[in-house]
Amino acid sequence: MTSASGAQYAPAPMPAPVVAPGEFVFAAIGLDHGHIYGMTEGLIGAGGTLAWVYDPDPQKVEAFRTRFPQVRVARSEAEVLDDPAVLLVAGAAVTADRCALGLRVIEAGKDYFTDKAPLTTLDQLAAAREATARTGRKYAVYYSERIHVEAAVLAGQLVERGAIGRVVQVLGLGPHRLGTGRPDWFFEKERYGGILCDIGSHNMEQMLYFTGATDGRVTNAAIANYHHPEHPELDDFGEASVALEGGASGYCRVDWFTPDGLGTWGDGRTFLLGTDGYIELRKYIDVAREAEGGHVFLVDSDGEHHLRANGQVGFPYFGQLILDVLERTENAMTQAHAFKAAELALQAQAQAVVLA
């Protein structure tokens with residue numbers, strides 16, 4: 001194994017804040033999923049100013065205030081939506097409620113940044129598409145396993161530079177640890193949407209992003225509950241294959257079977273096959289070798305290269321999103337892309353054969 005060197009492998013400069021304090025004001029509504037913390041930290045890191053938080057559960061609000069003591073606690077959702085200074089609302093509500101919250105945010109004249117999965121039904125998707133097209137407001141999505149993982153950011157830079165030629169397949173593995181203390185809604189299919197709708201949305205987004213495709217077709221999908229009979233509506237396993245626009249293919253496997261002995265919540269990996277090489281991402285851990293993740297393995301005509309992404313590339317998405325809101329551009333992620341990833345995840349969930 002050789003270390004990568006040379007300008008062709010050097011990461012882009014670390015992103016810096018794109019606005020000064022007070023120039024981009026945002027709020028948080030809906031604290032049902034812990035991803036709200038990463039969403040908030042990402043926006044603050046890019047220069048955003050957190051003004052408000054609202055959730056009907058005071059315990060969730062107090063925990064949020066512990067992390068972000070500068071935030072003001074709103075008495076109601078309306079108090080946040082009526083504040084003209086707030087440009088964007090970030091939310092991680094129960095998955096089935098994310099679209100309704102987003103529509104209220106949009107109708108209040110603000111942009112919306114939601115945790116994935118951004119919605120749970122095709123009817124919700126149609127409503128979100130109509131609202132964004134009619135108002136010009138944004139329904140941005142926190143597909144964290146790409147936009148908030150430095151290995152994936154670096155891989156995107158490499159693909160853009162042509163390091164592996166044309167990407168012809170994206171293979172994603174998304175194991176997760178179920179753990180304990182999950183809320184009741186997490187085990188109710190109507191509320192969390194199913195494993196391919198939920199975790200699978202990350203993988204659908206990466207298939208589109210790394211291949212540059214704008215459309216795709218689910219060719220095979222399956223789900224199962226292999227090991228959790230006490231939660232009959234839980235999918236603990238899911239897989240899907242996608243034929244992507246332009247001829248590339250995608251495959252993902254997602255599950256809730258991370259064993260207790262692994263040093264992190266999941267050994268997430270992504271494999272990119274190109275016409276001139278391939279890339280493997282070991283995002284969160286290098287099993288039995290290193291506890292830290294952020295590993296990018298690149299094989300090309302020059303040899304084998306091990307690149308370390310953590311602390312090298314940062315998370316440009318958040319600054320790009322802030323500037324998109326201020327300048328009405330689409331550089332962080334297009335609306336069509338965000339919705340297409342969700343649509344493919346919903347189609348995979350709907351088409352899935354039940355294995356067990």
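**Note on the predicted model**

1. In this predicted model, residues 24 or more positions apart account for 70% of the contacts in the chain that have a separation of 6 or more.

2. The secondary structure consists of 12 helices and 16 strands. The chain has a radius of gyration of 20 Å, close to the 21 Å given by the globule rule for 356 residues, and it is therefore as compact as a globular protein of that length. Along its principal axes, the C-alpha trace spans about 60 × 50 × 40 Å.

3. Of the 356 residues in the chain, 56% are buried. The accessible surface amounts to about 14,700 Å², and carbon and sulfur atoms contribute 52% of this area.

4. As regards charge, the chain carries 29 positive and 46 negative side chains. The centres of these two sets lie 2 Å apart.

5. Val94 is located in the loop between β5 (88-92) and α4 (98-107). Is Val94 buried or exposed? Its relative accessibility is 4%, and because buried means under 20%, Val94 counts as buried.

6. Which residues does Val94 contact, apart from its neighbours within four places in sequence? The contacts of Val94 are with Asp32, Trp185 and Arg191. As for Ile279, this residue is 185 residues from Val94 along the chain, and the C-alpha atoms of the two are separated by 35 Å.

Methods: Residues are numbered from 1 along each chain as its sequence is written. This is a predicted model: local features need pLDDT of at least 70, side-chain atom pairs count only at pLDDT 80 or more; totals for chains, interfaces and linings use all residues. Side-chain values use heavy atoms; hydrogens and water are left out. Helices (H or I, at least four residues) and strands (E, at least two) are DSSP runs, numbered from the N terminus. The radius of gyration is taken over C-alpha atoms; the globule rule is 2.2 Å times the number of residues to the power 0.38. Buried means under 20% relative accessible area, exposed over 50%, partly exposed in between (1.4 Å probe, protein chains only). Contact means heavy atoms within 4.5 Å. Accessible areas come from the Shrake-Rupley method with a 1.4 Å probe; for residues, only the protein chains shown count as cover. Lys and Arg count as positive and Asp and Glu as negative; His and the chain ends are not counted. The place of a charge is taken as NZ of Lys, CZ of Arg, CG of Asp or CD of Glu.
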